[in-house]
Amino acid sequence: MSVALKGLRRLAPQLVTLAVVLALIGFAFPGFFQLNWQNGRLYGSLVDVLNRGAPVALLAIGMTLVIATKGIDLSVGAVMAITGAVAASLITSDMPLAVTLALTLLVGLACGLWNGALVAFLDIQPIIATLILMVAGRGIAQLITEGVILTFNDAGLIFFGSGSVLGLPMPVVLWLLFGVLVALLVRRTALGLLIEAIGVNRRASMLSGVRTRFLLLTVYATSGLCAAVAGTVAAADIRGADANNAGLWLELDAILAVVLGGTSLLGGRFSIAGSLIGAMIIQAINTGILLSGFPPEFNLIIKAAIIVVILVVQSPASQSLFVYLRPERRDATPVTRERPAR
Amino acid sequence: MASDVVRLRVQGASKSFLGIRALDRVDFSLRAGEVHALLGENGAGKSTLIKVITGAYRRDGGEILLDGAAIDPQGVTDAQALGIGTVYQEVNLLPNLSVAENLFIGREPTRFGLTRTGEMRRRARALLGQYGLAIDVGAPLSSFSVAVQQIVAIARAVDLSGKVLILDEPTASLDAHEVDTLFEVVLQLKARGLGIVFITHFLDQVFRIADSVTVLRNGRLVGSRPVAGLERIELVSMMLGRELQDEERARSGGATPEGAAAIRFTGYGKRGSVAPFDLSVRRGEVVGMAGLLGSGRTETARLIFGIDTSDGGQAEIDGTPVTLGSPAQAIAHGFGFCPEDRKVDGIVGDLSVRENIVLALQARRGWARPLPRRAQDELAARYIEALDIRTSDAEKPIKFLSGGNQQKALLARWLATDPRFLILDEPTRGIDVGAHAEIIRLIERLCADGMSLLVISSELEELVVYASRVVVLSDRAHVAELTGEAVTPSGIMQAIAAHEKAAAA
């Protein structure tokens with residue numbers, strides 16, 4: 001109970017931001033919140049936000065862990081292209097769906113392990129280490145697709161893009177499932193604590209016996225795996241693998257989602273739920289601009305302006321300003337919080 | 001040789017950082033034509049004093065007089081224009097540029113806005129010729145040895161300033177022959193009437209080249225003396241902070257326990273770090289480690305704890321050989337290590353006191369076996385009470401605690417792993433008096449409970465209270481082991497001084 005409350009308090013800024021963005025869109029387009037049940041699945045603009053935001057949400061899960069270790073993974077967009085190409089080329093050469101999916105995930109894992117090895121064992125700065133695959137990745141993807149957009153018609157694979165489970169689009173189910181799984185994994189084990197410790201002070205963690213290299217390898221591998229799922233979803237959605245455009249610039253959206261979610265780029269404390277909400281904020285803005293009917297050339301600028309406002313409000317400088325403006329908090333005596341009743 | 005003309009005089013210089021006095025009313029005077037050594041352990045205030053003189057820091061108080069006139073340099077460039085040049089330990093030149101370019105960067109001889117390379121090289125050759133250095137000035141600086149690079153840096157600094165030269169640990173990365181070359185240059189500059197400030201950790205170099213010496217400790221002036229007639233032991237005691245007269249306090253710590261060594265290292269060592277040594281610690285014994293800065297104390301701890309790996313030799317626990325290839329391995333064998341630099345190597349600042357306390361234990365259990373939250377809370381509560389860690393809440397980020405309380409939380413981190421062997425590197429540095437005494441009591445209590453401890457400390461009067469044996473290090477080697485009645489501050493200082501002298505001879 002108290003843990004849930006604490007979690008809510010931690011996520012309050014993100015939830016408020018999301019609510020404000022949604023309310024603004026709803027104010028302009030009253031039909032925005034309408035939901036319809038047709039042919040056994042849910043339709044509506046809100047569902048659309050959840051669905052379209054799936055790739056960034058999936059990427060943000062892995063990115064959160066990487067950023068928590070004070071790292072960054074620029075390669076996830078390129079890994080999406082690689083894994084999408086792998087999935088498409090395997091399925092078009094008549095591989096069974098299970099084999100296709102397993103190999104696709106394996107390729108994503110391998111990409112993550114490559115990044116992780118560069119960071120953990122060669123001590124290359126994460127931004128440079130992952131830049132290598134970011135640049136090379138699209139080349140690799142083009143080699144796999146042999147320079148064409150590889151289309152497919154396998155119903156099983158397409159299901160991951162446009163199918164639905166319990167009325168929800170499959171991509172939404174996937175990111176929710178993945179988010180809950182990874183969040184449970186890191187919070188129910190000691191992974192979360194150890195990852196945060198590395199992000200705050202890698203040397204001190206190493207000297208306390210934390211296996212920093214293994215953990216770094218793990219987070220980059222997780223990021224690669226998440227990118228593989230995102231790549232599969234993106235390919236299944238358009239029923240083809242586009243080596244040039246699949247996941248293009250999505251690494252930046254994923255980083256932004258993590259930052260909007262309240263995880264600092266300096267590493268340490270992280271929140272996967274926060275990052276997922278961050279991804280939805282970004283998608284809500286995208287959808288809102290699309291609905292608004294502004295000429296498309298304004299889209300990126302409007303999006304940038306909204307994000308600047310959000311980040312300014314969340315910045316440490318304005319946080320301390322808010323604290324200063326709140327009169328009852330200005331006395332300096334530390335308040336001992338009561339321990340939660342057990 | 002030194003004249004009586006005072007070149008540079010600093011009076012009552014003070015500097016505080018966030019309320020902590022890094023420099024407290026320090027006086028310093030440098031005559032023309034003298035080499036003046038500036039000594040002190042880490043954090044004594046040497047570099048703060050230098051930075052105040054060169055204007056890199058704004059001083060809070062005091063004044064600086066150059067040739068009798070008050071100066072107020074606004075920065076390193078300003079100080080250079082006034083005549084004060086500085087050469088740092090890490091040569092701050094551009095290794096990819098040529099020697100000539102390095103000497104004249106920012107003031108290249110030009111014609112119509114273009115650099116006259118030939119003229120620049122001619123001048124560079126002439127400049128370096130004054131120091132007896134005939135090298136290809138067109139070659140990149142990086143193709144020469146560190147000693148030559150140092151001389152180029154000195155030549156540039158002297159050419160730019162010409163009254164006062166500050167050398168910040170110039171010999172730290174030089175071999176014996178290169179030191180000779182550098183000293184020849186220093187002597188030559190001294191003959192020219194420059195005042196030279198020489199910062200070093202090597203006492204033999206002080207006696208070899210310096211005319212006078214000033215010792216700082218904890219931001220305060222301990223004293224200035226002419227080197228002629230100064231006893232080595234007197235200098236060591238100035239640095240380590242102990243008057244020889246009020247000696248021989250009763251030792252409470254003491255009796256070496258009976259029995260075989262619980263932890264034993266034979267032939268442990270690492271090239272370039274610390275010479276091979278033998279070391280053993282019994283159960284319920286505190287072994288102290290003393291030596292000047294850079295003598296190999298911390299290096300020994302790093303080897304023992306598996307941060308660095310030994311070139312050879314063997315480690316044994318209760319007679320069984322073990323491998324210590326990483327901290328994780330050492331911890332698995334029941335070792336713990338509280339490092340000297342708490343902020344960089346110890347605390348995980350943004351995490352809570354609770355998380356900092358459970359970190360080592362959790363790391364040893366592995367990620368898949370998390371300590372239940374209730375067990376974490378209990379551990380934290382137990383140690384916060386037992387060690388009297390002053391915090392409003394176990395969930396407070398540890399970075400908000402005072403130094404002494406951080407140190408106690410780090411001790412708690414290791415005690416939670418129930419270690420058999422604990423290494424403490426300067427456990428009482430930079431913490432307030434109250435916490436100081438508590439940590440010493442804790443060391444004694446742990447020892448009485450049967451734990452083996454290795455304590456590195458510069459606080460000799462403290463060390464002799466709890467250590468039953470003291471290993472003395474000098475020049476990256478274990479040089480003496482004092483036991484029983486010999487464990488006194490003066491005994492330790494004599495052992496250090498004796499070896500420093502032997503090294504100089």
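Two residues are taken to be in contact when their C-beta atoms, placed from the backbone, lie within 7 Å. The structure is a predicted model, in which local features need pLDDT of at least 70, side-chain atom pairs count only at pLDDT 80 or more, and totals for chains, interfaces and linings use all residues. Residues are numbered from 1 along each chain as its sequence is written, while chains are lettered from A and ligands numbered from 1 in the order in which they are written. Helices (H or I, at least four residues) and strands (E, at least two) are DSSP runs, numbered from the N terminus.

Two packed helices are described by the angle between their axes and the distance between the axes. Here helix α3 (residues 54-68) of chain A and helix α8 (residues 170-188) of chain A have axes that come within 9 Å and cross at roughly 15°. That makes α3(A) roughly parallel to α8(A); the axes are lines fitted to C-alpha atoms, for helices over the stretch in contact, with angles running from 0 to 180 degrees between N-to-C directions. Angles under 35 degrees count as roughly parallel, over 145 as roughly antiparallel, 65 to 115 as roughly perpendicular and the rest as oblique. From α3(A), the residues A:A54, A:A57, A:L58 and A:I61 meet A:P171, A:V172, A:L174, A:W175, A:F178, A:G179 and A:V182 of α8(A). The residues of this contact divide into 10 nonpolar, 1 polar and no charged, where Ala, Val, Leu, Ile, Met, Phe, Trp, Tyr, Cys and Pro count as nonpolar, Asp, Glu, Lys and Arg as charged, and the others, Gly among them, as polar.

A:F178 belongs to helix α8 of chain A and is buried, with 21 other C-beta atoms within 10 Å. A residue is buried if 20 or more other C-beta atoms lie within 10 Å of its own, exposed if 12 or fewer, and partly exposed in between. Leaving aside residues up to four places away in sequence, A:F178 touches A:L58, A:I61, A:C226 and A:V229. The C-alpha atoms of A:F178 and A:I61 are separated by 8.0 Å, although the two residues lie 117 residues apart along the chain.

Attention now turns to the contact between the chains. In total, 26 residues of chain B are in contact with 23 residues of chain A. On the chain B side, the elements that give two or more residues are α10 (327-332), α11 (342-346) and α12 (353-365) of chain B. The largest share, 6 residues, comes from α12(B). By class, this side has 16 nonpolar, 4 polar and 6 charged residues.

The strands of chain B come next, with two strands paired if DSSP finds at least two bridges between them. Strand β10 (residues 195-199) of chain B is largely enclosed by the rest of the structure, because 5 of its 5 residues are buried. B:G195, B:V197 and B:I199 point one way from β10(B), B:I196 and B:F198 point the other way, and all are buried. Strand β3 (residues 35-39) of chain B pairs with β10(B) in the parallel sense over 4 bridges, and B:V35 has B:I196 as its bridge partner. Strand β9 (residues 164-168) of chain B also runs parallel to β10(B), joined by 5 bridges, with B:D168 opposite B:I199.

Another part of chain B holds an open sheet of 6 strands with mixed pairing, in the order β18-β19-β20-β15-β21-β22. β18 (335-338) and β22 (477-483) of chain B stand at the edges, each with a single partner strand, so one side of each is left without a neighbour in the sheet. Neighbouring strands are turned by 20° against each other on average, direction ignored. Strand β21 (residues 469-474) of chain B and β22(B) run antiparallel and are joined by 6 bridges; B:S474 is the bridge partner of B:A477. Helix α9 (residues 297-304) of chain B packs on this sheet, touching β15 (286-290), β18, β19 (421-425), β20 (452-456) and β21 of chain B, and its direction makes about 150° with that of β19(B).
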